[in-house]
Amino acid sequence: MSNILTIIRKEFARFFKDKRLVIGTLILPGVLIFVLYTLLGSVFYDSNETYSAKVVHPSSVFAAVADPEGEESSFAFTEIGEDGIDSAKEEIRSGSLDLLIVFPENFDALLTEGEFSPVGGAPNVEIWYDSSSVSSSSAFSAVSAILDVLEDQASNRFDVNISAGGDLTSAEQAEASYYAMLLPFLILTFLYSGCMGIAPESIAGEKERGTIATLLVTPIKRSQLVIGKIVSLSVISSLSAISSFIGTFLSMPRLMGGSIGSALGSYSVGQYFALFAVMISAVLIIVSLISIISSYAKSVKEAASLSVPLMIVVMLVGISTMLFTTSAPAAFLIPVYNCVQVMAQIFSLQFSWVSLVITLVSNLVYIVLLVFLLTKMFKSEKVIFNQ
Amino acid sequence: MQEAQDISSVRREIVRAENVRKTFTLSRKQRAIEKSKTGKKVALDGLSFTAYEGEIYGLLGPNGAGKTTMLRILATLIRPDEGDARIAGHSVLKEPDAVRSSIGFLTSELKLEDFFTPAYLFGFFGKLHGMSDEFLAKRKDELFTKFGIDRFAEVKVGDLSTGMKQKVSIAVSIIHDPAVIIFDEPTNGLDVLTAKVVTDFLAEMKEQGKSIIVSTHIFSLVEKLCDRVGVIIDGRMAAEGTLPEVAGDRSLEDAFFDIYKRTVTGV
Ligand SMILES: Nc1ncnc2c1ncn2[C@@H]1O[C@H](COP(=O)(O)OP(=O)(O)OP(=O)(O)O)[C@@H](O)[C@H]1O
Ligand SMILES: [Mg+2]
């Protein structure tokens with residue numbers, strides 16, 4: 001036992017006293033993810049942006065849809081006369097205006113009394129925009145979408161969701177199911193990449209440099225060395241994943257709207273406990289697998305490249321919740337997959353103790369088997385001295 | 001010298017290798033270098049030898065004779081295909097943990113992590129050997145002073161000179177004050193001054209009653225240091241005994257050439 005602690009302490013000293021490792025594994029991932037997601041968010045999604053639009057012959061029906069009362073509008077409409085059209089086009093070209101909408105006179109009346117006309121013959125709504133400007137073209141899509149709806153309604157064969165109907169989900173559930181798909185994937189990916197940053201170095205690297213042989217001539221048992229390595233690597237991988245997760249946590253609202261915080265706030269203590277247990281078993285399994293690959297490999301490089309196929313498998317399993325979920329008990333015997341499914345259950349508030357218990361027990365068995373295999377490998381001169 | 005032999009015959013055996021065989025499977029690259037058709041290399045071909053308590057035993061042999069392979073088996077890093085070896089009564093096959101506790105092993109393939117300082121590594125390996133803090137502090141004091149490591153105690157191993165690295169490796173290998181010391185080519189790559197520190201140290205260890213096995217291809221080292229010597233050629237023991245028994249009245253070098261010719265030509 002004390003030998004295991006000695007190994008863990010040494011691995012921590014090796015990691016935490018090395019600025020390069022700490023920055024590369026614990027700080028950079030979170031910062032990079034935050035910066036990347038925030039940048040992506042500001043390109044693809046900006047809930048605060050309002051489009052500036054000038055309107056000739058404004059329509060009250062259109063305004064009621066585009067600028068509903070009591071809600072924050074994404075448009076700032078300014079009414080102008082026909083004489084302002086040319087200068088408005090110029091403003092669009094120069095980027096100071098997003099959109100110019102020219103309604104036919106009496107547009108509202110046309111909507112209610114209009115007759116069917118062949119395309120080209122009907123009254124025309126002119127929308128002027130600049131496709132090279134992101135805000136102008138999104139304003140254009142938004143306005144055309146609204147007008148499409150109005151055009152359909154003008155013919156009024158039937159309505160969809162006008163007088164009744166709607167989204168029955170509660171906001172909490174909607175957010176929960178949204179994160180249920182995303183979070184397991186992110187967690188697995190973060191854990192895996194955290195582990196990839198350190199396990200090959202710690203095992204294949206020690207083999208490559210001949211420092212593991214120095215350990216092997218001390219009286220330490222191979223199993224103690226293996227357990228010490230796996231525990232310390234798991235802790236560091238988890239810290240790295242937490243760093244990535246904090247980066248995600250802070251940038252997600254900007255990328256996708258909503259907030260992980262409010263989604264996370266809707267879980268009970270029991271669910272958090274379950275989540276924690278599942279994640280620990282996921283870390284241990286992933287670390288053991290990468291450690292086995294790393295001890296088989298002759299060098300750090302080889303270990304890294306051999307881990308890539310496994311990473312692809314793990315990531316595919318990670319997105320499996322987006323495609324299907326299961327409640328068949330047998331499915332929770334499959335390592336990694338079971339973690340993803342249980343996490344998805346927890347996040348989507350459809351958690352079952354049965355699947356949790358099956359997952360934890362079967363993972364425990366796998367972890368013991370993997371540690372046993374790794375110990376065998378450490379005892380084998382063909383593995384340890386295969387340079 | 002007659003006296004010494006009498007004493008040795010009543011001395012306790014401390015290391016005994018019996019019929020040790022070790023065959024390596026060669027990789028494709030090695031096969032080309034060794035020009036081996038079978039893809040196998042017999043490194044040790046039924047090697048036996050005995051070292052007695054309190055003596056310095058020299059394994060002498062040319063490159064590729066199997067010296068390092070034999071010592072790695074003694075240190076339980078690799079296992080013999082056939083045969084067994086006992087150190088202080090423990091079998092390397094059946095009680096590898098007990099064997100490792102009773103030996104201090106040094107070979108060039110054992111490296112220390114560049115990132116750590118000698119002081120840190122001392123604490124680390126001391127704990128792995130189950131040493132008390134008190135004993136550890138005492139050993140650290142002794143060995144750091146003896147090898148002049150004190151001044152470099154807080155310098156990362158990666159920044160040390162080859163000689164200082166070797167001294168730290170030696171200090172780490174015997175940190176637990178083992179009864180048996182097994183050193184593979186301990187003076188390889190060292191200048192004469194550093195080499196002398198090492199040989200003086202081995203002589204001192206013998207004074208303290210330790211049993212020592214060194215492997216080397218340097219005749220003068222054997223002549224200066226060893227009580228008994230085993231000449232290994234092609235994984236087999238070609239001659240074994242006290243220096244006078246093996247060399248007679250010639251120099252060890254001349255005797256070695258005779259032994260070599262006799263062994264290789266099979267006359
Ligand atoms: N892991 C290995 N794989 C393949 N062949 C090996 C391996 N280790 C040793 N050998 C071969 O076994 C033989 C004995 O090697 P060993 O290192 O024991 O010799 P040595 O007496 O220590 O030589 P040197 O004086 O060069 O150190 C050599 O031919 C070597 O190539
Ligand atoms: Mg050698």
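In strand E3 of chain A, A:Ile101 is the bridge partner of A:Val55. The model is predicted: local features need pLDDT of at least 70 and side-chain atom pairs pLDDT 80 or more, while totals for chains, interfaces and linings use all residues. Residues are numbered from 1 along each chain as its sequence is written, chains are lettered from A in the order written, and side-chain values use heavy atoms, without hydrogens and water.

Strands here are DSSP runs of at least two residues, and helices (H or I) of at least four, numbered from the N terminus; two strands pair if DSSP finds at least two bridges between them. A:Tyr51 stands opposite A:Phe75 in E2(A).

| Partner of E1(A) | Residues | Sense | Bridges |
|---|---|---|---|
| E2(A) | 75-80 | parallel | six bridges |
| E3(A) | 99-102 | parallel | four bridges |

E1(A) spans residues 51-56 and is largely enclosed by the rest of the structure, because five of its six residues are buried (under 20% relative accessible area, 1.4 Å probe).

The contact between the chains (heavy atoms within 4.5 Å) takes 25 residues from chain A and 25 residues from chain B. About 2,400 Å² is buried between them, 62% of it from carbon and sulfur atoms; this is the accessible area (1.4 Å probe) lost on putting the two parts together, summed over both. Four salt bridges cross the interface (a side-chain nitrogen of Lys or Arg within 4 Å of a carboxyl oxygen of Asp or Glu). A:Glu381 forms a salt bridge with B:Lys22, with the closest N and O atoms 2.6 Å apart.

Technical notes. Buried < 20%, exposed > 50% of the residue type's maximum accessible area, 1.4 Å probe, protein only.
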